[in-house]
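Student: I would like to learn how to read a predicted model, feature by feature. Please give the general idea each time and then the case at hand.

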Amino acid sequence: MEETVNKYFQGELSQNECIELLRRAESDAELKAALIRHQNMLALLELAPAKGDREKAQTDYLKFAARHMRRPARLSVRILRHAAAILCLTAGTWYAASLYFSAGRNEPVAMQTLYVPAGQRVNLTLDDGSAVWLNANTKLTYPAVFSGRERSVKLEGEAYFDVARDARRPFTVSSGEVDVRVLGTSFNVCNYPDEAFSRISLVEGSLQVHTRGDESAGVVLSPGSEALVRDRNISVAAIPDRNRFLWTKGIYSFENETFANILKKLELYYDIRIEVRDEAMLQWRYTVKFRQRDGIREILRLMQQIHRFSMTVDEENNAITVYR
């Protein structure tokens, strides 16, 4: 197990292997403890890429891991604590990084992948100073160092970006079939794989949204508006409720939302299956706010105070049944 954990932090596991390892750790106390020990050594540090080659850097890392003291000169990402973000300090968040750092200007730039499991969120600062908040069940792929004429990242899930302005290098977020292009602005992108549409909401600045390969048919958003992309078709509307972005502060806010939509979000955020026996219940509407750290059971108990219902919890199958 220790060998696998070492490979994980050295970047020797594939992206899928990293994600599988992190998901397994959620239910494997021994594996989680091993990851915590290593994470404690690496988290909350701002580090520069090593000047030596990758083989030497791996050797240095092993020496560091054995001593549990020396700082590794491998990661250029700065991970910041944001409420319950970092596992080694509070409830838990893991990062998976492909540590292929450039030893010279002509080598490819390192790409890193940050995965946030259910029930967590993360705030990190990119190489250019841009701040990013990642919601639960979200994956962000980004370069260790931005180079070239553009700053490009890839997103799967939901993230809020506060982009550092750089007129010479536009910032691009690729998510599914959607590309978002900015110079400096604050915006939210929600594009989970199982969702029927993508939602790009602009809070401040200017934003161009288009589908992959069809930039000419894109739209330019103004502050307070959002683009909904469904089947490569883009529509623009006003942001109905800015409290929706309070998730960056650990608060889930719903404004006149149906029970069906809220439960769908809760399933996604907490990685649990929720079954409703009475379909009429799905049309109930709520205007509510919950703290992320309250957890799924407490959230449902609070909702019971508005509309009366019962629930049973199936721990073995990670499921909840709701009924009247």
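The dialogue below goes through confidence, strands, a helix, turns and a pocket.

Student: What should I know about the source before reading any values?

Tutor: This is a predicted model, in which local features need pLDDT of at least 70 and side-chain atom pairs count only at pLDDT 80 or more, while totals for chains, interfaces and linings use all residues. Residues are numbered from 1 along each chain as its sequence is written, and side-chain values use heavy atoms, with hydrogens and water left out.

Student: What is the mean pLDDT of the chain?

Tutor: pLDDT is the predictor's confidence in each residue, from 0 to 100. The chain has a mean of 78, with 75% of its residues at 70 or more. Over residues 43–106 the pLDDT is below 50, and this stretch has 160 contacts in the model beyond near neighbours in sequence; a contact means heavy atoms within 4.5 Å. Where pLDDT is low, the predicted coordinates should not be read in detail.

Student: How many helices and strands are there in the chain?

Tutor: Helices (H or I, at least four residues) and strands (E, at least two) are DSSP runs, numbered from the N terminus. The chain has six helices and 19 strands. Of the contacts with a separation of 6 or more, 52% are between residues 24 or more positions apart.

Student: How many residues of strand 9 are buried?

Tutor: Buried means under 20% relative accessible area, exposed over 50%, and partly exposed in between (1.4 Å probe, protein chains only). Of the 324 residues in the chain, 51% are buried. In strand 9 (residues 186–191) six of the six residues are buried, so the strand is largely enclosed by the rest of the structure.

Student: Which way do the side chains of a strand point?

Tutor: In a regular strand the side chains alternate between the two faces of the sheet. From strand 9, S186, N188 and C190 point one way, F187, V189 and N191 point the other way, and all are buried.

Student: Which strands pair with strand 9?

Tutor: Two strands pair if DSSP finds at least two bridges between them. Strand 6 (residues 151–162) runs antiparallel to strand 9 and is joined to it by six bridges; F161 has F187 as its bridge partner there. Strand 10 (residues 198–204) also pairs with strand 9 in the antiparallel sense, over five bridges, and S201 is the bridge partner of N188. A hairpin of six residues connects strand 9 to strand 10.

Student: What is A131 in contact with?

Tutor: Leaving aside neighbours within four places in sequence, A131 touches N123, L124, Y160, F161 and D162. A131 and D162 are 31 residues apart in sequence, yet their C-alpha atoms are 5.1 Å apart. A131 belongs to strand 4 (residues 131–134) and counts as buried because its relative accessibility is 17%.

Student: Where does a positive phi turn up in this model?

Tutor: One case is the hairpin of strand 13 and strand 14, which has two residues between the strands; D231 there takes a positive phi near 50°. R232, in the loop between strand 13 and strand 14, has a phi near 65° and is partly exposed, with a relative accessible area of 41%. Six bridges join strand 13 (residues 225–230) to the antiparallel strand 14 (residues 233–238), and V229 stands opposite I234. Another case is N318, with phi near 50°, in the loop between strand 18 and strand 19.

Student: Which residues of helix 6 are buried?

Tutor: An α-helix has 3.6 residues a turn, so residues three or four places apart point the same way. In helix 6 (residues 295–304) the buried residues are G295, I296, I299, L300, M303 and Q304. Their cover includes helix 5, strand 16 (273–276) and strand 17 (285–291).

Student: Which residues are closest to the centre of the second largest pocket?

Tutor: Rolling a probe the size of a water molecule over the atoms shows where empty space is left. A pocket is, on a 1 Å grid over the protein atoms alone, an open set of points where a 1.4 Å probe fits, with protein on both sides within 12 Å along at least five of seven lines; lining residues have an atom within 4 Å of a point. The second largest pocket holds about 610 Å³, where a volume is the space filled by probe spheres set on the points, joined across faces, edges and corners. Of its 23 lining residues, R199, R244, F254, E257 and K265 are the closest to the centre. Strand 15 (251–258) gives the largest share of the lining, six residues.
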